[in-house]
Amino acid sequence: MGVVKATNAHIDLLARLLRAEAEGEGQQGMLLVGNVGINRIRANCSDFKGLRTIPQMIYQPHAFEAVTHGYFYQRAREKERRLARRVIGGEFLWPARYSLWYFRPEGDCPATWYDQPLVARFKSHCFYQPTAETCGSVFSTF
């Protein structure tokens with residue numbers, strides 16, 4: 001049983017997102033991207049209120065740059081499907097354990113992103129988790 005409901009089509013969609021957003025970051029980087037996405041569904045706060053499904057999370061306007069590029073629309077591969085299943089199953093890794101945002105800056109990670117504090121950097125991506133005032137529910141949904 002997963003931490004969010006997911007059909008096979010949802011698993012494929014999440015697998016495509018993991019690859020398109022973080023293939024260069026390796027397996028752990030792709031898992032971290034998946035953690036952020038699942039957090040957005042489960043937290044129900046900030047810019048992510050009302051997201052209940054993987055497609056809603058992925059296609060939320062301006063959420064992921066990858067959906068604007070052709071690479072995202074290639075068929076899912078089994079290795080990314082396995083990673084997607086792990087994230088859906090509840091495997092969460094630091095620094096994305098409670099993160100709702102990540103991005104890949106040109107240089108150093110800013111101390112805040114969308115007014116939320118930096119947790120850490122993993123390879124090229126910086127991860128940010130909300131404060132308890134902004135989204136306390138992200139800390140109690142897992």
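Select D115 in the loop between β2 (112–113) and β3 (116–122). Strands here are DSSP E runs of at least two residues, helices are H or I runs of at least four, and both are numbered from the N terminus. D115 is not a glycine, yet its phi is positive, about 65°. Its relative accessibility is 69%, so D115 counts as exposed. The cut-offs, with a 1.4 Å probe and protein chains only, are under 20% relative accessible area for buried, over 50% for exposed, and partly exposed in between.

Before moving on, note that this is a predicted model, in which local features need pLDDT of at least 70 and side-chain atom pairs count only at pLDDT 80 or more, while totals for chains, interfaces and linings use all residues. Residues are numbered from 1 along each chain as its sequence is written, and side-chain values use heavy atoms, with hydrogens and water left out.

## Helix α2

Now select residues 26–43, helix α2. The helix has 18 residues and reaches 26 Å from first C-alpha to last, close to the expected 26 Å. That expected span is 1.5 Å times one less than the number of residues. Of the 18 residues of α2, 14 are buried, so the helix is largely enclosed by the rest of the structure.

Step just past the end of α2 to N44. This residue lies in the loop between α2 and α3 (54–58). N44 has a positive phi of about 55° although it is not a glycine. At 33% relative accessibility, N44 counts as partly exposed. For context, most residues other than glycine have a negative phi.

Which residues does L31 contact beyond its neighbours within four places in sequence? The contacts are L83, R86, V87, E91 and L93. Contact means heavy atoms within 4.5 Å. L31 counts as buried, at 3% relative accessibility.

N35 is buried, with a relative accessible area of 0%. Draw two distances from its side chain. One runs from a polar atom of that side chain to the backbone oxygen of E91, at 2.9 Å. The other reaches the backbone nitrogen of L93, at 2.9 Å. Both are polar contacts: pairs of N or O atoms within 3.5 Å, where within protein one atom must be able to donate a hydrogen and the other to accept it, and residues adjacent in sequence count only if both atoms are side-chain atoms. Leaving out residues up to four places away in sequence, N35 touches V87, E91, F92, L93 and A96.

## The loop between α4 and β1

Select W94 and P95. A cis peptide bond joins them, with omega about 15°. Most peptide bonds are trans. P95 lies in the loop between α4 (78–88) and β1.

S99 is in the loop between α4 and β1. At 0% relative accessibility, S99 counts as buried. Show what S99 touches, not counting residues up to four places away in sequence: V36, N39, V119, F127, Y128 and Q129.

## Helix α1

Select α1 (8–22). This helix has 15 residues and reaches 21 Å from first C-alpha to last, close to the 21 Å expected. Of its 15 residues, 11 are buried, so α1 is largely enclosed by the rest of the structure. Among the buried residues are H10, R16, R19 and E21. The cover over the buried residues of α1 includes α2, α3, α4, β1 and β4 (125–128).

## Last stop: the largest pocket

The largest pocket has a volume of about 560 Å³. Select H62, A63, F64, E65 and Y102, which are the closest to its centre of the 22 lining residues. A pocket, on a 1 Å grid over the protein atoms alone, is an open set of points where a 1.4 Å probe fits, with protein on both sides within 12 Å along at least five of seven lines; lining residues have an atom within 4 Å of a point. Volume is the space filled by probe spheres set on the points, which are joined across faces, edges and corners.

Which element supplies the largest share of the lining? It is β1, with 3 residues. Colour the lining by type: 12 residues are nonpolar, 5 polar and 5 charged. Here Ala, Val, Leu, Ile, Met, Phe, Trp, Tyr, Cys and Pro count as nonpolar, Asp, Glu, Lys and Arg as charged, and the others, Gly among them, as polar.
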